[in-house]
Amino acid sequence: MRACIPDKDLKDCKDCKDTEVFLSLQSLLSFGSLLSRVLASAFLLCVLLATHPPAHAAPPDLFVDRAADWGLAFTYASGRTGELYFPEIMGGGAALFDYDNDGDLDVFVVQGHSLKPGATVGPEGRGRLFRNDLITPQGRNAVPRFVDVTEASGIRATGYGMGVATGDYDNDGRTDLYVANFGSNQLWHNEGDGKFTDATAKTGTDDPRWSAGAAFADLDRDGWLDLFVLNYVDFSVQNNVRCYAPSSRRDYCGPQAFPPVTSRLLRNRGNGTFEDVSLKSGIGRKAGPGLGVVAADLDGNGWPDLFVANDGSPSFLWLNQKDFTFKEDGLLAGVAVNAAGKPEAGMGIALGDCDGDGDDDLLITHLTGETNTLYLSQGGGLFEDATARSGLGAPSLPYTGFGTAWLDFDNDGWLDLAAFNGAVNLNGAQWAKGDLFPYAQPDQLFRNQGGGHFVAVGPEAGVAFRTPRVSRGAAFGDVDNDGDTDILVVDTDSPVRLLVNESGSRNSWLGLRLVGKPVGARVEVRRKGSLSLWRRAATDGSYASASDPRVLVGLGASSEVMEVRVLWPDGIVEIFPPPPLRAYTTLVRGTGKAPETRP
Amino acid sequence: MGKLGMAVLLLAVRFPDLSGLESAVADQIAEMQRLLDHQGAGAAAYGDLGQVYLAYGFNDAATDCFREAAAMDARDWRWPYLLGAAQQAAGRLDEAVTAFGQALGLAPDSTAGYVHLGEIRLLQGRLDEAEAALRKALVPATAAASHSLLGQVALARRDFRAAAEHLEAALAAVPEASRLHVPLAMAYRGLGDRARAEEQLGKAGAVGLRAPDPLLDGVAALRVGERVAMMRGRVAAQAGRYQDAIQEFRRALAARPESVEARVNLGSVLALTGDRTGAMDSLREALRLDPANATAHFNLGSLLADGGSPEEARPHLEAAVAARPEDAEARRLLAKILRDAGRLPAALEHYRRAVELAPGDEAARLGEAETLVRLGRYAEARTRLDEALGQMPGSGLLSHAQARLLAACPDPSVRDGERALKLALSVWQARPAAPHAETVALALAELGRCDEAAIWQRTARERAQIEAPARLGDLDRALARYEKGAPCRP
C-alpha cells in the first residue's frame with residue numbers, strides 16, 4: 001500500500017516525519033526586512049561619511065569577481081518553464097582541472113536547458129570548456145585568460161547538467177571528465193590533444209536517472225579509479241507534482257515529493273571499462289536522495305570510504321570492507337543525523353582537518369531553518385556534532401547552503417570555510433518586489449580562529465559574497481597560481497563568478513602537485529615548533545563540482561617546514577624534503593624516502 | 001476613520017503580497033487586514049493580524065505587527081513572546097532572545113519561553129546561557145522538552161554522563177519521542193558503552209519532541225484551507241497519528257470537496273487504520289474525479305489484490321502501469337496477479353521490466369523465476385536466479401528459491417545437489433524454519449543421502465507443527481520416501 005504519497009505534495013513538509021508542525025514555518029523566511037535594514041543603514045552610513053570622513057579607508061575586498069575580466073562568460077540556464085520542474089532549482093556545478101597539462105586550471109561548467117516536452121537543445125544548452133591561457137606579464141602577477149574551446153574539444157554535453165567529476169580513469173596521465181545529468185550521464189575521455197571523446201557507452205558508465213554528481217576514487221586500491229555516481233530522486237517531467245509554500249503559494253517541490261533512488265558504483269576493470277557493482281557492493285541496496293559525496297578513509301583503516309549527504313534523509317557513511325563491499329554505518333558513526341537526532345537537508349560537503357588534530361572533519365550545508373552542521377572526527381570512524389560550539393551553526397540558519405569547502409583563504413595555517421547559498425523555497429519579499437526568481441541569498445565566508453572555532457567574515461569578504469544570488473555549485477582552486485585559493489561559483493540563471501582571492505598569498509605557502517595516483521592522498525606538512533598541517537589531495541565534495549586536485553598549504557607564521565609526508569591512497573607513506581615556499585612543487589610517487597621503521 | 005486607520009497601518013506594517021495564495025488563505029488574511037481597520041488598530045488587532053501572518057510564514061509582516069502591539073500595550077506578554085517567535089522563525093536569533101526575555105519578564109510562568117531561549121542559545125553555542133534558561137523550564141509542562149535540550153547542551157560540552165541522564169529523563173516522560181534515541185546513543189557511545197548505543201539506535205525514529213506552547217499552538221490552528229490541512233494530515237500520517245491525519249484530510253475535503261489528493265491520502269490512511277471499505281470508497285471517489293490518477297489506481301489495486309479480488313485489482317494496476325511505466329512496484333503487483341491467473345507470458349513481461357527498473361527488488365526477482373518455472377523454462381529460471389544472487393549474494397529469499405530449484409527441479413539436468421545443499425544450509429543457519437529444513441532435506445535426497453534427509457525432514461516436521469500444521473501431510477509423505485532409503489530423489 002502506497003500510503004500517504006499524494007499526487008500533489010506540500011513543499012513545507014520538509015520534515016514530514018516530524019510532529020513539530022509549527023517549526024516548519026522556519027523553512028520560509030522573508031528577507032525583506034533584512035534587506036531594507038541593510039539599505040537603511042547603508043543610507044545612514046553614506047550620510048555619516050559625507051559629514052565625517054573616515055579616519056581609515058575600508059579594507060579592500062578579500063575576494064573579487066573577475067570572471068568577466070578574464071573571459072569566463074557563461075550563465076547556467078535552469079531553463080525555467082513555469083511548470084516548476086524540480087531540476088530547475090537544483091543545478092549546476094563546475095570543474096577546475098588542468099585538462100591540457102600546462103600547469104594551470106581550466107574550467108568546465110555544466111549547462112541546463114528547458115525541460116518542456118519537445119524543447120530542442122541548441123549549442124547554448126550545452127556544457128562549456130574554457131581553456132586557461134595564463135599570461136605572465138614581465139614582473140607582474142600571472143593573469144588568467146579564458147578561451148571557450150568547447151567546439152574544438154569535441155565535448156557535446158547536451159544533457160541537463162547537474163554536476164561534474166574529474167579523474168584520470170585510464171591512467172594515461174590526462175584528466176577525464178564525468179558529467180552528471182538529469183537523465184543520461186556522459187564520460188568524456190581526454191585524448192591529450194585538446195580533444196575529448198564520448199566514452200560513456202564503451203566504458204559502461206551511463207546512468208539514466210537523475211544524477212546530482214559523482215566522485216572518482218580508487219576504492220579497491222588497485223591503482224585504477226572507480227566511479228561513484230550520486231543519484232537523487234525519481235522525478236520526471238511526466239510525474240511532476242504541485243507543491244506549495246507554507247503561505248499556500250505554489251513553489252518548487254522538495255525531495256519528499258518523489259521517491260529517492262539508489263546511487264551507482266562502477267568498478268574500474270583496468271581495461272577501459274567499468275563493472276556495475278552497485279548491488280554486489282551494497283551501495284545499490286539503500287536508496288537516498290543524494291546531493292553530496294566524498295571518498296576518503298573516514299574510519300582510519302587505510303581504505304577509502306564513501307560519505308553521501310542526503311537531502312532531508314539520514315546521510316550514509318559507506319564503510320569500505322576491503323573487498324569492494326560497503327557497510328552503511330552513518331548512525332553509529334554520528335554523521336547520519338544532527339545532534340538532535342534529526343535528518344537535515346544535506347547538500348554540499350567539506351572534508352578537511354578544521355581543528356588541526358590530524359583527522360578530517362565533515363561540514364554539510366543545509367536548508368534554511370537548519371544549521372550547516374559540523375561533525376568533528378574523534379578518530380576510528382566516530383564523529384561528534386560540534387556545530388554548537390564551532391560558531392558555524394547560528395549564522396547559517398537563514399540560508400540554504402550548496403557549494404562549500406574548507407579553504408585556508410588567508411594562508412594562516414587554519415582551514416576556513418566558504419558556503420554558497422541560494423534558497424529552494426520562494427522568498428515572499430523578493431516575490432512581492434516582482435523578482436522573477438525569488439530565491440537569492442548572500443554567500444558566507446567564515447574565518448577559523450584556530451582549533452575549529454569560527455567567526456563570520458564581515459563585509460570585507462567582498463561585494464561578491466554580499467550580493468544575494470541563487471548559488472549552487474562551487475569549485476575551489478588556485479586559478480592564477482599565486483598561492484591562494486580562488487572560487488568558481490555557479491549561480492542559477494546568473495553569470496558564473498570567479499572569486500579571486502586578493503589576500504591569501506601575503507602569508508607563506510607551499511603548493512604540491514602529486515603525481516602517481518594521487519586521488520585521496522593525504523599530506524602532512526611538518527613544521528618546526530608548530531603542529532603539523534594535514535591536507536587532502538582531492539577534487540570531490542562541495543556541491544556538484546570538482547575542485548583543484550593540487551594541495552595548497554598556507555603556513556601562517558610557522559613557515560619553517562621540516563619535511564612533507566605523503567600518505568598515498570594505497571597506504572604507502574613517503575617523505576619528501578621541504579619544498580620551496582611560494583611555489584608549486586611536483587612530488588612524484590616513488591621518489592620520496594620511506595619512513596624509518598623502528599623495532 | 002477607515003482611510004486614516006489604514007494609512008497609519010500602512011506606515012507600521014509591511015503588508016505581504018497576497019497574490020498566488022490559495023483563495024481561502026488570501027481571503028482570511030485580507031479579512032484580518034480589514035478587521036484591523038474596524039477595530040481601530042489597537043494592540044490586540046495588531047497582535048491578531050500578526051498571528052495570522054506568522055501562521056503562514058510572513059515573518060516580517062508578523063514582526064511588524066507584534067512590535068506595534070508590544071509598543072501599544074507594554075504589559076501584555078503575548079506580543080513580545082510572539083515577536084520572539086517571529087524573529088526566531090526568521091533566523092534573527094539575537095532579536096528573538098531580546099523579545100523572549102521581555103515576555104518572560106512579564107510572564108515568568110510561560111516556561112515554554114525558556115525552552116525557546118535555551119534552544120536559541122544552544123544554536124548560538126552559548127551553552128551556559130542555554131542551560132540556565134532550560135533549567136527554568138524544568139517544570140512539569142515543559143520538563144521533557146527541557147531535558148531533551150539539556151541533553152544536547154551536555155553533548156555539546158562532551159559531558160556524556162549528564163547527557164545520558166537528561167535524555168533518559170526526556171524519554172521516560174515521552175517514550176514516543178523516538179528521535180531522542182539518537183543523541184542518547186551518542187551519549188552512551190561517548191561513555192564507551194557501544195552496546196547500549198547500538199540498542200538505542202535500534203529504537204531511533206522520526207518523532208521529535210517540543211514543549212507544549214499554547215500561544216504558538218494557537219497560531220498554528222489559525223491556518224485554513226485545503227493545503228494546510230493536507231500538510232498537517234501528511235505530517236500526522238507520517239508520525240503514525242492516523243486518526244489525526246484522517247481528521248485533517250477530511251478538513252481538506254471540507255475546504256475543497258473536489259480535492260483528489262485529499263481523497264487519495266484519506267484513502268491511504270484509512271487503509272492503514274484497517275478501514276478497507278472506507279479506504280476503497282475514498283479512492284474510488286478520487287478516481288471518479290480524476291480517472292487517470294495513478295496513485296489512486298495503484299492504491300486501490302493493491303487493496304483489492306490484498307483483499308482477494310485480483311480481477312478487480314488488475315485494471316487498476318494496469319492503469320497505474322500505463323500512467324507510470326517506470327513504476328517497478330506496480331509492475332510487480334500486476335505481474336503477480338497475471339501469474340496467479342495463469343497468464344504467464346504477460347506476467348513474465350512485467351516481472352522482467354520490474355527487475356530492469358529495480359534490480360534490487362528481491363520479490364520481483366523471485367516472481368520472475370517462479371514464473372519461468374511455471375512456464376517450464378527451468379534452465380532460464382536457474383540462470384536468472386544466479387544473476388540475481390550475483391548481485392545480492394546475501395539474499396535469503398533468492399538463495400532459498402535457488403536451493404529448491406537445484407534440489408528438486410522437474411528437469412533433472414538443471415539440478416545440482418551439492419550447490420543446493422550449500423545454499424540451503426546457509427539459509428537454514430541464517431534463519432532456522434520449517435521450509436528451510438525441508439529444503440536441506442530435499443538437497444540431501446538429491447545427493448542420495450536419504451538417512452540425513454530423513455533427519456532434516458523430521459526437523460522440518462517438528463517446526464511445521466508450530467509454524468505450518470497444514471503442511472504436515474506433504475512433509476510426512478516426503479519423510480516416508482526418505483526413510484525407505486535410496487533412491488529417494490524428489
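Why does A:Arg582 count as partly exposed? A:Arg582 has 14 C-beta neighbours inside 10 Å, and therefore counts as partly exposed; the class is buried if 20 or more other C-beta atoms lie within 10 Å of the residue's own, exposed if 12 or fewer, and partly exposed in between, with C-beta atoms placed from the backbone.

The views below show a predicted model, in which local features need pLDDT of at least 70 and side-chain atom pairs count only at pLDDT 80 or more, while totals for chains, interfaces and linings use all residues. Residues are numbered from 1 along each chain as its sequence is written, and chains are lettered from A and ligands numbered from 1 in the order in which they are written.

View 1. A:Arg582 is placed in the loop between β36 (573–576) and β37 (584–588) of chain A. Helices (H or I, at least four residues) and strands (E, at least two) are DSSP runs, numbered from the N terminus. The phi angle of A:Arg582 is near 55°, a positive value in a residue other than glycine. A:Phe324, in the loop between β18 (316–320) and β19 (326–328) of chain A, has a phi near 65°, again positive in a non-glycine residue. A:Phe324 counts as partly exposed because it has 18 C-beta neighbours inside 10 Å. Most residues other than glycine have a negative phi, and most peptide bonds are trans.

**View 2. Cis peptide bonds in chains A and B.** The bond from A:Gly91 to A:Gly92 is cis, with omega near 0°. A:Gly92 belongs to the loop between β1 (63–65) and β2 (94–97) of chain A. In chain B, the bond from B:Ala486 to B:Pro487 is cis, with omega near -5°. B:Pro487 is in the segment after α28 (472–484) of chain B.

**View 3. Surroundings of A:Asp493.** This residue is in the loop between β29 (486–491) and β30 (497–501) of chain A. A:Asp493 counts as partly exposed because 17 C-beta neighbours lie inside 10 Å. Although 402 residues separate A:Asp493 from A:Gly91 in sequence, their C-alpha atoms are 9.8 Å apart. Beyond its neighbours within four places in sequence, A:Asp493 is in contact (C-beta atoms, placed from the backbone, within 7 Å) with A:Thr75, A:Tyr76, A:Ala77, A:Ser78, A:Phe437 and A:Val470.

**View 4. Surroundings of A:Pro260.** A:Pro260 occupies the loop between β13 (250–251) and β14 (264–268) of chain A. With 20 C-beta neighbours inside 10 Å, A:Pro260 is therefore classed as buried. Residues up to four places away in sequence aside, A:Pro260 touches A:Val233, A:Pro255, A:Ala287, A:Gly288, A:Pro289 and A:Ser313. The C-alpha atom of A:Lys286, 26 residues away along the chain, is 9.4 Å from that of A:Pro260.

**View 5. The largest nonpolar core.** A nonpolar core is a set of buried Ala, Val, Leu, Ile, Met, Phe, Trp, Tyr and Cys residues joined through C-beta atoms within 7 Å. The largest has 347 residues, and those with the most contacts inside it are A:Val164, A:Phe228 and A:Val496. Helix α9 (residues 143–156) of chain B gives the most to this core, with nine residues.

**View 6. Packing of α7 and α8 in chain B.** The axes of helix α7 (residues 111–123) and helix α8 (residues 127–136) of chain B come within 8 Å and cross at roughly 165°. α7(B) is therefore roughly antiparallel to α8(B). Axes are lines fitted to C-alpha atoms, for helices over the stretch in contact, and angles run from 0 to 180 degrees between N-to-C directions; angles under 35 degrees count as roughly parallel, over 145 as roughly antiparallel, 65 to 115 as roughly perpendicular and the rest as oblique. Residues of α7(B) including B:Tyr114, B:Val115 and B:Leu117 meet residues of α8(B) including B:Leu127, B:Ala130 and B:Leu134.

**View 7. Packing of α21 and α22 in chain B.** Helix α21 (residues 344–357) and helix α22 (residues 362–374) of chain B pack at an angle of about 150°, with their axes 9 Å apart. α21(B) is therefore roughly antiparallel to α22(B).

Notes. Two residues are in contact if their C-beta atoms, placed from the backbone, lie within 7 Å.
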